[in-house]
Amino acid sequence: MNVLLPQPIEPEAIALLENENCAITTAPDPKPGTVLPLIKDAHGLILRTGITITSDLLAAAEDLLVIARTGGGLDNVDVTAASEKGIIVTSNLGVNTISVAEHVLSMMLALSKKIYFMDRAVRQGNFGIRYQNLPRDINGKTIGLLGFGRIGSKIGQICRQTFDMQVLAYDPFLSTATKSEFSPAVKFMGLVELLSSADFISIHVPLTEQTRHLVGGPEISLMKPDAILINASRGGVVDEAALCEALQKDRIAGAGLDVFSQEPVPGDHPLMKLENVILTPHSAALTSECVIRMATEAARCVLDVFAGREPANVANPQILETGRWRGIGSAKHH
């Protein structure tokens, strides 16, 4: 069976595929024009974030059975088009939870403690900055979580247990029963109330048409002047122009951004000039440990499909009841 890698994956995952005698093709680069001729003979595809698998690419995929995402997001694969062709799409929900949670917390702490600002001051000979008492504690403060899935709930748990923070959450898709499980430790509320109440706001929602610019100018204007905004979900959820303006005018205290509307970020982007923002290159989940977990889980999903087993986290489960996949659910995944 042929497995296509638009981008390289970790050796541990390659070994799993090779142990099952898969033929592996790694694209020289993840550009659509490069991947297009290679997708024709692929039976499985392991997808990172460097390319979007569009309906045009899928039209050339004559033998493709499965697309396995290494991460949790599905915004770079046309799931509808894949479903129409009977291609199973999987994602790696939960595999990167703790790594992203750690990244978010590190941004909260770095911004609150003014770590980078203090570091630069010391290097410039300004040791006396210590007397300005610029850092802030996060203990006892309030965090507002936009989205309360695996990552959001993990961050809420850590903030409450470790830093005695009040946890607020906005998640219109969460069932009443699920919300009651977390009450009273977590207070669920509307977006307007959360934004105006929280000292830290952390975003953990997928990018959809409904969540695009969920946090725009009007929403940012509701935030406290000393609020800190963290986004480690997807760039399009935040209106970057509105955020830049708010940061430039000190309407909020700061922001930590791991994701952007355009990646890589253009060198002349206004965010690059701001000192009250920390920028990281969509790397929250790319720890040395997590990338191995993500790649090996994606490889296992591909191998499950090849072996006639239902893989974990199928994004389009409706196709499992049709055509060639009918009955696959009787053999569960690894």
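The lining of the second largest pocket divides into 11 nonpolar, 2 polar and 3 charged residues. Here Ala, Val, Leu, Ile, Met, Phe, Trp, Tyr, Cys and Pro count as nonpolar, Asp, Glu, Lys and Arg as charged, and the others, Gly among them, as polar. The volume of this pocket is about 290 Å³. A volume is the space filled by probe spheres set on grid points, which are joined across faces, edges and corners. The grid has a 1 Å spacing over the protein atoms alone; a pocket is an open set of points with protein on both sides within 12 Å along at least five of seven lines, a cavity is a set where a 1.4 Å probe fits but cannot get out, and lining residues have an atom within 4 Å of a point.

This is a predicted model: local features need pLDDT of at least 70, side-chain atom pairs count only at pLDDT 80 or more, and totals for chains, interfaces and linings use all residues. Residues are numbered from 1 along each chain as its sequence is written, and side-chain values use heavy atoms, with hydrogens and water left out.

Of its 16 lining residues, Lys114, Phe117, Glu275, Asn276 and Val277 are the closest to the centre. Two or more lining residues come from each of α5, α6 (115–123) and β12 (277–279). Helix α6 gives the most, with 4 residues. Such helices (H or I, at least four residues) and strands (E, at least two) are DSSP runs, numbered from the N terminus.

Pro281 is exposed, at 64% relative accessibility. The cut-offs are these: buried means under 20% relative accessible area, exposed over 50%, and partly exposed in between (1.4 Å probe, protein chains only). Pro264 is 17 residues from Pro281 in sequence, and their C-alpha atoms are 7.5 Å apart.

Next comes helix α12, which holds Asp304. This aspartate is buried, at 1% relative accessibility.

Now to the interior. In soluble globular proteins, nonpolar side chains tend to be buried together. A nonpolar core is a set of buried Ala, Val, Leu, Ile, Met, Phe, Trp, Tyr and Cys residues joined through side-chain atoms within 4.5 Å. The largest one has 34 residues, and Met108, Ile143, Ile155 and Met165 touch the most other members. Elements giving two or more residues to this core include α5 (97–112), β6 (142–146), α7 (150–163) and α12 (288–306). Helix α5 gives the most, with 8 residues. Apart from this core lies another, of 30 residues, including Met189, Val205, Cys244 and Ala255.

What does Met108 touch beyond its neighbours within four places in sequence? Met108 is in contact (heavy atoms within 4.5 Å) with Ile138, Ile143, Cys159, Met165, Phe200 and Ile230.

The search of the whole structure finds 1 cavity of 30 Å³ or more. The space in the largest cavity is about 30 Å³. Among its lining residues are Asn231, Glu240, Leu243 and Phe260.

The cysteines come last. A disulfide is counted when a pair of cysteine sulfur atoms lies within 2.5 Å; the count is 0. For Cys290, the nearest cysteine sulfur is that of Cys301, 14 Å away. Cys290 is buried, with a relative accessible area of 0%. For Cys301, the nearest cysteine sulfur is that of Cys22, 13 Å away. Cys301 is buried too, at 2% relative accessibility.
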